[in-house]
Amino acid sequence: MSNVSGRNIARLSRIFQPIIAHIATTKKTEVPSKSYKNLIKYGMMKQVNSGMYAFLPMGLRVLNKLTAIVDKEMEKIGAQKMLLPALTSRDLWEKTDRLRENISELFHVKDRSNKHYILSPTYEETICNLMSTVGVLSSKTFPVRLYQVSTKWRDEMKPRLGFLRSKEFLMKDLYTFDTNISEAQETYTSVCEAYDNIFKKLGIQFMKAIGDPGSIGGSLSHEYHYTCNIGEDTLCICSSCEYAINKTMCNQSQCPKCNGDFREENTSEVGHTFLLDTKFTKPLNVTQKLKNESIPLAMGSYGLGLSRIFTVATEILSTEEELRFPKAIAPYTVCVILPKKGSKEETGSQYLNEIIETLDRLNIDFVLDDRTNLTIGNRLMHSRVSGFPYAIVIGKSTIRSPPLIEVHDIYDSTSYELPTEDIPNYFNDRAMKI
């Protein structure tokens, strides 16, 4: 233990993770889902107001890992990350005629000069206003693909289910600009492929469905959904070819592709893509110069509800009493549990450095449960409720001959006793699952 005392290692004794015994409820407001209950109970998030939540350190690690996956896939398709201001001038929304729809869900703000702003739920107007003021762009600039990860706001009448239906939420929104609709369609395909890759990395089965364009509109729209019992959407899915469409858009009793029968599934929307063409670029003067004529650019808008993915993925994977995350975004992949202070097993701490060096070499993130005043069993249970996929226990097996280390696959409820030199093989065999 002394050899690692000076290292910058995450230790549970220092992590702010307030765990509470139970969730307070009233007759009118019962705990609606296991994800909400467990995320609050085990210190991943904290409600600070109706429909508003704080990500606590452990929950923020999950969100940051999810964001890193998104950033990597956005980079692959040439999208550049930026950050736009939270407030959008009301004048811009008037130019695009969007104030006629869903105005009750908008937060309105006035500054000291009595200028009217909207606390942005989405940023089509803002990005178009930016693009219209940068001057003439070279043809070599296109396609332009700009995205951000930021907080969005929606004045929900009845906030519920944590981040599934909240007043403040985190979203990745990408805006693309092409010189014509044909190239915009190619961009649309590229972004959809990137979204497919993101959801595949998370490892939960998802569905891509014909979507409801809503107030954003456009000529083409798809939604990404998880099947979930707390979801507020319904998809009509063909039992033969798996064609899917949002029920709000479905006016047929059979699949238009193969005439198969539809089945309905309760789902939660976690992503949405829109091919907008010139709906926003034309009224906001986002154009290119062709000869002596200004031609509106073809635009796309693409969103991923990161805080919603955080919530729904947890709901799907968790048990009633224990948190589960996609392994790729778990707060820590491995929890290393030290022997209890004063126990016979305490001599096993001599293997800690070797274990840490192995995990570093494998590029596996870990947290050290150094609360040696607690029993190993107590701390192993903490690993379970906190959503750590794996635990390495330096316990009673280390004082046997030969000395062995316990490795627990918490999500699969399996455990093995291994010599330290076999730990790399254990995790390499599970590399595709981490």
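N292 counts as exposed at 83% relative accessibility, where exposed means over 50% relative accessible area, buried under 20% and partly exposed in between (1.4 Å probe, protein chains only). The structure is a predicted model, in which local features need pLDDT of at least 70 and side-chain atom pairs count only at pLDDT 80 or more, while totals for chains, interfaces and linings use all residues. Residues are numbered from 1 along each chain as its sequence is written, and side-chain values use heavy atoms, with hydrogens and water left out.

N292 is placed in the loop between β14 and β15 (293–296). Helices (H or I, at least four residues) and strands (E, at least two) are DSSP runs numbered from the N terminus.

The chain as a whole contains nine helices and 21 strands. Its C-alpha trace spans about 85 × 60 × 55 Å along the principal axes. Of its 434 residues, 52% count as buried. Among contacts (heavy atoms within 4.5 Å) with a separation of 6 or more, 69% are between residues 24 or more positions apart. The chain carries 54 positive and 51 negative charges, whose mean positions are 4 Å apart. In this count Lys and Arg are positive and Asp and Glu negative, with His and the chain ends not counted; the place of a charge is taken as NZ of Lys, CZ of Arg, CG of Asp or CD of Glu.

The loop between β13 (262–277) and β14 (287–290) contains T281. T281 is buried, with a relative accessible area of 0%. A polar atom of the T281 side chain lies 2.6 Å from the backbone oxygen of L297. This is a polar contact, defined as a pair of N or O atoms within 3.5 Å; within protein, one must be able to donate a hydrogen and the other to accept it, and residues adjacent in sequence count only if both atoms are side-chain atoms. Beyond its neighbours within four places in sequence, T281 is in contact with C128, F177, V286, P296, L297 and M299.

T278 is also placed in the loop between β13 and β14. At 27% relative accessibility, T278 counts as partly exposed. When residues up to four places away in sequence are not counted, T278 touches P283, P296 and L297. The C-alpha atoms of T278 and K152 are separated by 24 Å, with the two residues 126 positions apart along the chain. N285 lies in the loop between β13 and β14, and its phi is near 60 degrees, a positive value in a residue other than glycine.

Aromatic pairs were assigned to rings of Phe, Tyr and Trp (its six-membered ring) with centres within 6.5 Å; planes under 30 degrees apart count as stacked, over 60 as edge-to-face and the rest as tilted. The count comes to 18 aromatic pairs. One of them, F163 with F310, is edge-to-face, at 6.4 Å centre to centre and 80 degrees between the planes. F163 lies in the loop between β7 (144–153) and β8 (168–178) and F310 in helix α6 (residues 306–317), so this pair ties together parts 147 residues apart in sequence. F163 is buried, with a relative accessible area of 4%, and F310 counts as buried at 2%. The pair of F199 and Y224 is stacked, because the ring centres are 5.3 Å apart and the planes are at 15 degrees. F199 lies in helix α5 (residues 181–202) and Y224 in strand β10 (residues 220–227), so the pair ties together parts 25 residues apart in sequence. F199 is buried at 1% relative accessibility, and Y224 is buried at 0%. One aromatic cluster is formed by Y36, Y53, F55, F163, F310 and F325.

Some backbone features remain. A cis peptide bond, with omega about 0 degrees, joins F142 and P143; P143 is placed in the loop between α4 (124–132) and β7. The peptide bond from S401 to P402 is cis, with omega near 0 degrees, and P402 is in the loop between β19 (390–393) and β20 (405–409). N114, in the loop between β5 (107–110) and β6 (116–119), has a phi near 65 degrees, a positive value in a residue other than glycine. N114 is exposed, with a relative accessible area of 55%.
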